[in-house]
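Student: I'd like a close look at one part of this model. Please take me through a pocket and the packing around it.

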Amino acid sequence: MINTYGFIGLGDMGKPMADNLVKSQKKIYVFDAFDIEKKVPKGCYATESVDELSNNTEIIFISVPDGKISQDVVKEIVLSNSKNIKAIINLSTIGLAETKPILELISKSNFKYIDAPVSGGKTGAVNATITIMWSGSKEILELIKLDLKYFVKSIFYVGSTPGQGQIMKLLNNFLSAVSMTATSEAIILGLKNNLDMKTMLQVLNVSTGKNSATLDKFPNRILTETFDAAFRMSLMNKDIDLYLSEARNINTPIDIAEVVNSYFKDGLKRFPSGDFTEIYKVIKDKQ
């Protein structure tokens, strides 16, 4: 049984996930490099450093923006020389290439590294409905599965090698980006021919063109003009870059990915702090 957890990174995803994990009634220690006193979920114990957190916890979750920060955090955990840690579980999306240096960092440590990126966005993190794509020790998964259920709805074991979860997450986000950009182009064609957006979506959602954009993003974020999917343009841009990098490394087709990447590069320039659904505005203005 695990009695103590650590949570490093209390941003858009990390804070609500840690907040939900408190319901497990286990001791939760948290750390964030910025303004931690403003971010500590009720019921959690704030720590002043990664070292302090590492020496008080058995399982450490990481939820940070990118691979470089993930590597820095893991390095600090290793340097703590904690005897308590059984596993590090990285919930961040960092790509396979950025995972390999982490595996080298922990190669001589006595704990396991789990690659477990999540999908579902901030809304999913708040509502405890996110999906986790687990690659690494199945033993650790079985050990903490009941506690994971406090902030995760669906858990998929995708492989025994850390990094496989990253590939699964990147191809998921790539397809999410494809559905947003392709649906934007299609809806704009309909609008130019005097079709009503709401009617188009009703037809699409009972037809073969149905996808995540027609089911959620367009009726709930674009038709309403709220553009609030709670996933930043910058993060989608990062994930598509990572997808392209992995595809190029092993020479798989990237024609569609390059078009989508170009759209999101334009989106990042126009909406650097915006929601990724605002890609619709970018594509619409290309008319």
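How do the residues lining the second largest pocket divide into nonpolar, polar and charged?

Tutor: Eight of the lining residues are nonpolar, two are polar and two are charged. Here nonpolar means Ala, Val, Leu, Ile, Met, Phe, Trp, Tyr, Cys and Pro; charged means Asp, Glu, Lys and Arg; the others, Gly among them, are polar. This is a predicted model, where local features need pLDDT of at least 70, side-chain atom pairs need 80 or more, and totals for chains, interfaces and linings use all residues. Numbering starts from 1 along each chain as its sequence is written, and side-chain values use heavy atoms, without hydrogens or water.

The pocket has a volume of about 230 Å³. A pocket is an open set of points on a 1 Å grid over the protein atoms alone, where a 1.4 Å probe fits, with protein on both sides within 12 Å along at least five of seven lines; lining residues have an atom within 4 Å of a point. The volume is the space filled by probe spheres set on the points.

Leu96, Ala97, Lys100, Ile167, Leu170, Leu171, Tyr243, Glu246, Ala247, Asn249, Ile250 and Thr252 form the lining. Two or more of these residues come from each of α5 (96-105), α8 and α11 (233-249). Helices are DSSP runs (H or I, at least four residues). α11 gives the largest share, four residues.

Now follow α11 to α12. Their axes come within 9 Å and cross at roughly 150°. α11 is therefore roughly antiparallel to α12 (over 145 degrees). Axes are lines fitted to C-alpha atoms over the stretch in contact, and angles run from 0 to 180 degrees between N-to-C directions. Residues in contact (heavy atoms within 4.5 Å) include Tyr243 and Leu244 in α11, and Val260 and Phe264 in α12. By class, this contact has nine nonpolar, four polar and four charged residues. Tyr243 also lines the pocket.

α8 (residues 164-192) packs on α12 (residues 255-270) too. Here the axes come within 10 Å and cross at roughly 75°. That makes α8 roughly perpendicular to α12 (65 to 115 degrees). Phe174, Ala177, Val178, Thr181 and Glu185 in α8 meet Ile256, Ala257, Val260, Tyr263 and Phe264 in α12. Eight residues of this contact are nonpolar, one is polar and one is charged.

Conventions
Parallel < 35°, antiparallel > 145°, perpendicular 65-115°, else oblique.
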